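Me: I would like to go through this model element by element, with the terms spelled out as they come up.

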Amino acid sequence: MGLVARQLEAAGIATICLSSAESITRAVNPPRAVFIDFPLGHTAGKPGDKAVQRAILMDALEALETISEPGTIRPLPYRWSDDDSWKQSAQRSDGDDRVSRTDEPQYQFPEDREAAEAARQQ
């Protein structure tokens, strides 16, 4: 989404990205984003929780207006539950062999790396 957001911004359309994956968001470097520490796929809140969904939307729109430093990711204060036990159940226990995350961006193709690096230099 960071690449799309940068293209929209270049066309004069302001963007804000909502993220539940802070490391991935940092790697794609959108113009501005908010981070919500919720399970993937639930960035706007729990199904049916209209009050929290609306609050997240309003905070995201406020961030759209007030973030002035490109690449800023503003954390939002919402919690999925009273504790972080949901994070354990969200992890796969079936022999997940994915590479551990690092701060170094990873790209599927060399062209992706080149495009990202060119965008950072703008």
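Me: Which residue just after helix 1 takes a positive phi?
Reply: Helices (H or I, at least four residues) and strands (E, at least two) are here DSSP runs, numbered from the N terminus. Just after helix 1 there is a positive phi of about 90°, and the residue that takes it is G12.

Me: What kind of model is this, and what limits apply to its values?
Reply: This is a predicted model, in which local features need pLDDT of at least 70 and side-chain atom pairs count only at pLDDT 80 or more, while totals for chains, interfaces and linings use all residues. Residues are numbered from 1 along each chain as its sequence is written, and side-chain values use heavy atoms, with hydrogens and water left out.

Me: In what order do the elements of the protein chain run from the N terminus on?
Reply: The protein chain has five helices and three strands, and its C-alpha trace spans about 40 × 40 × 20 Å along the principal axes. From the N terminus on, the order of the elements is α-β-α-β-α-β-α-α.

Me: Which residues of helix 1 are buried, and what covers them?
Reply: Buried means under 20% relative accessible area, exposed over 50%, and partly exposed in between, with a 1.4 Å probe and protein chains only. The buried residues of helix 1 are G2, A5 and R6. They cover an arc of only 100° around the axis, which puts them on the same side of helix 1; the arc is that of the directions from the helix axis to the C-beta atoms. What covers these buried residues includes strand 1, helix 2 and helix 5.

Me: Against which strands do the buried residues of helix 3 pack?
Reply: The buried residues of helix 3 are I56, A60 and A63. They cover an arc of only 60° around the axis, which puts them on the same side of helix 3. The face turned away from that buried side carries the exposed residues K50, A51, R54 and E65. With contact meaning heavy atoms within 4.5 Å, the buried residues of helix 3 pack against strand 1 (17-19), strand 2 (32-35) and strand 3 (72-75).

Me: How far apart in space are R26 and D103?
Reply: R26 lies in helix 2 and is partly exposed, with a relative accessible area of 47%. R26 and D103 are 77 residues apart in sequence, whereas their separation in space, C-alpha to C-alpha, is 8.3 Å.

Me: Which helix gives the most to the lining of the second largest pocket?
Reply: On a 1 Å grid over the protein atoms alone, a pocket is an open set of points where a 1.4 Å probe fits, with protein on both sides within 12 Å along at least five of seven lines, and lining residues have an atom within 4 Å of a point. The second largest pocket has a volume of about 390 Å³, a volume being the space filled by probe spheres set on the points, which are joined across faces, edges and corners. Of its 18 lining residues, the closest to its centre are R6, P31, P70, A119 and Q122. The elements that give two or more residues to this lining are helix 1 and helix 5, and the one that gives the most, with five residues, is helix 1.
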